[in-house]
Amino acid sequence: SHASDDKFLKIFKETPEAIIGKAVRLELLNAKDHLEDLFKATSGEVYHELKSYDAQKVWGFQEEGPFDTADAMRKSSVFQTYQNEAAFCIRQNLNDRILG
């Protein structure tokens, strides 16, 4: 539809580095745009329609996490990248919610 065309054109203009798929898009991870919602989505607490869960199931494969606060997440290696590295946030296209 024209509405979705307009939406994706706007996303592309604002974040040309994003990788856009049919259901989700990958955005370069940054604290300004992603920290609060990423913390909420991975903390184990209720997040939109998701019920609470064991956050260790999300973070169990990582060296750090789960995090007690968003600030602790910001200071962790999650938001630290080095030259020639990239980290991405997964955002659902349907409702623009962060999934991980």
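**View 1. Confidence across the elements of the predicted model.** The protein averages 91, and 100% of the residues score at least 70. Helices (H or I, at least four residues) and strands (E, at least two) are DSSP runs, numbered from the N terminus. This is a predicted model: local features need pLDDT of at least 70, side-chain atom pairs count only at pLDDT 80 or more, and totals for chains, interfaces and linings use all residues. Residues are numbered from 1 along each chain as its sequence is written, and side-chain values use heavy atoms, with hydrogens and water left out.

**View 2. The aromatic pair W59 and F67.** Rings of Phe, Tyr and Trp (its six-membered ring) pair if their centres lie within 6.5 Å; planes under 30 degrees apart count as stacked, over 60 as edge-to-face and the rest as tilted. By this rule there is one aromatic pair. The ring centres of W59 and F67 are 5.1 Å apart and the planes meet at 85°, so the pair is edge-to-face. W59 is buried, at 8% relative accessible area. F67 is also buried, at 11%. Buried means under 20% relative accessible area, exposed over 50%, and partly exposed in between (1.4 Å probe, protein chains only).

**View 3. K7 and its partners.** The whole structure holds nine salt bridges, each a side-chain nitrogen of Lys or Arg within 4 Å of a carboxyl oxygen of Asp or Glu. One of them joins D96 to K7, with the closest N and O atoms 3.6 Å apart. D96 lies in the segment after strand 3 (88-92) and K7 in helix 1, so the bridge ties together parts that are 89 residues apart in sequence. D96 is partly exposed, at 32%. K7 is partly exposed too, at 25%. K7 also lies over the face of F8, at 6.0 Å from the ring centre. For this contact, NZ of Lys or CZ of Arg must be within 6 Å of the ring centre and within 35 degrees of the ring normal.

View 4. In helix 1, K10 and E14 lie four residues apart, about one turn of the helix. Their side chains meet in a salt bridge at 3.4 Å, N to O. Both K10 and E14 are exposed. D71 is partly exposed, at 35%, whereas K75 is exposed, at 62%. Elsewhere, salt bridges that share partners join K7, R25, E27, R91 and D96 into one network.

Note on methods:
pLDDT is the predictor's confidence in each residue, from 0 to 100.
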